[in-house]
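Reader: Could you walk me through a structure, feature by feature? I would like the general idea each time, then the case at hand.

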Amino acid sequence: MEFEIKKDGNTKYLYLKKIKFEEDSYHIQMLLNNQIKGLLPITIRNVNNEREILYNITGLSSLNNVFGRNLLKKEELTRFALAIKQLEETLREYLLCGNNVKFDLNNIYYRLKQKEYYFCYCPSEVDDFSLQMKSLFNQVLDYIDYNDREVVSLAYGMQEIASRDDFAIEELLDFALDKKEEVEPIIIEQNMDSIETDEEEIDDQDDTILNKIKNIFKKEKKEDSKEEEYDISESLYIEETDTFEDYNFETGNLSDEEATVLLTSGANDYIVLKSINQNPEIIIIPDQYPYVIGKSKRNSNYKINSNVVSRVHARINCELGEFTIEDLNSTNGTFVNDERLRPHEAKSIDKGDVVKLADLEFSVE
């Protein structure tokens, strides 16, 4: 299925090329005779004795361009999920099929002033709706700010939901709106006047709690408008932040109750990736997690100048002293000891392993 942009005076069209359809079909008649919210309006023309479909995209921009100019924030990602949910309800109302919608960032359009999304409904099926959602939210991962832990956590959570066999759009939206995801309350209590922590208590905390906390909070502290730096070589640090001190972990919303968050970082929690047979030598020392490697200066913690490396190629994480590397749907792949990782598959790595990004090999030291 091929698309092409055409202009006719001041009107801009998305042209669906080389496709056969019956003009009197139910789908086409619904699109021609109704102004369906969320769908691009269509026009049918006769060119060289062949009928063609044109979608009016005047005043609209493709999401590929919109997200490419401004990295996605949590609010916009949530609004996007809501637009898909509303579209599904509209399609059901008009007895149209989600498999006929082209869910691709190049073919989804946005009107900036009204903050409205428009989708392209094709006369024949594009692909299974669930498969398209998985692909779509894989694409979204290329357009998030990897320095914003909040949107990283949201985007990867949505991508994981969209990849499930029993995926339902309601679950995706519930997660985005913090309605369905339940987070266990913090069981650590302490006096704000005298902060004391037993290291053994930290080790006993449930892994899932710590992981979710790490995905929500940054390692920074605001007090009297001054930032205080922490030495990551210490066995632990305590985080207090004016921005999130009222966060309610049961509801996912802000409340009047204060909460203090504890994270752990061991003194030996570090690795080095040293290139093999590269000139000049590349040495990657992750200094924060998640740590993204790619050729995009804006979206990566470490930039590699190589045409075979993707914009955001791989991500290194560290949780409770265990290091993992995850392929970020790269074009030429991420390998651990010659085993290629599936897109968004996380693999444990340790000193002595060999990691390959496309054709660049690194020893883990």
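Predicted model: local features only at pLDDT ≥ 70, side-chain atom pairs only at ≥ 80, totals over all residues.

Reader: Let's begin with the cores. Which residues of the largest nonpolar core touch the most other members?

Author: In soluble globular proteins, nonpolar side chains tend to be buried together. Here the largest nonpolar core has 65 residues, and Phe80, Phe103, Phe119 and Ile144 touch the most other members. Helix α5 (residues 149–162) contributes the most to this core, with eight residues. There is also a second, separate core of 22 residues, including Ile293 and Leu357.

Reader: What does phenylalanine 80 contact, beyond its neighbours within four places in sequence?

Author: Its partners are Leu63, Leu105, Ile108, Tyr117, Phe119, Leu136 and Val140.

Reader: Now the sheet. In what order do the six strands of the open sheet lie?

Author: Strands of a sheet pair through backbone hydrogen bonds, either parallel or antiparallel. In this open sheet the pairing is antiparallel, and the order is β15-β14-β24-β23-β20-β21. The edges are β15 (283–284) and β21 (339–340); each has a single partner strand, so one side of each lacks a neighbour in the sheet. Inspect β23 (residues 354–357) and β24 (residues 360–364) too: four bridges join them, and lysine 356 sits opposite glutamate 361 in β24.

Reader: Last one: is asparagine 138 buried or exposed?

Author: Residues under 20% relative accessible area count as buried. Asparagine 138 is at 10%, so it counts as buried. This residue lies in helix α4 (residues 129–140) and, not counting residues up to four places away in sequence, touches Gln159, Asn329 and His344.

Conventions:
Residues numbered from 1 in each chain as written. Heavy atoms only, no water. Helix = DSSP H or I, 4+ residues; strand = E, 2+ residues; numbered from the N terminus. Buried < 20%, exposed > 50% of the residue type's maximum accessible area, 1.4 Å probe, protein only. Contact = heavy atoms within 4.5 Å. Core = buried A, V, L, I, M, F, W, Y, C linked by side-chain atoms within 4.5 Å. Pairing = 2+ DSSP bridges.
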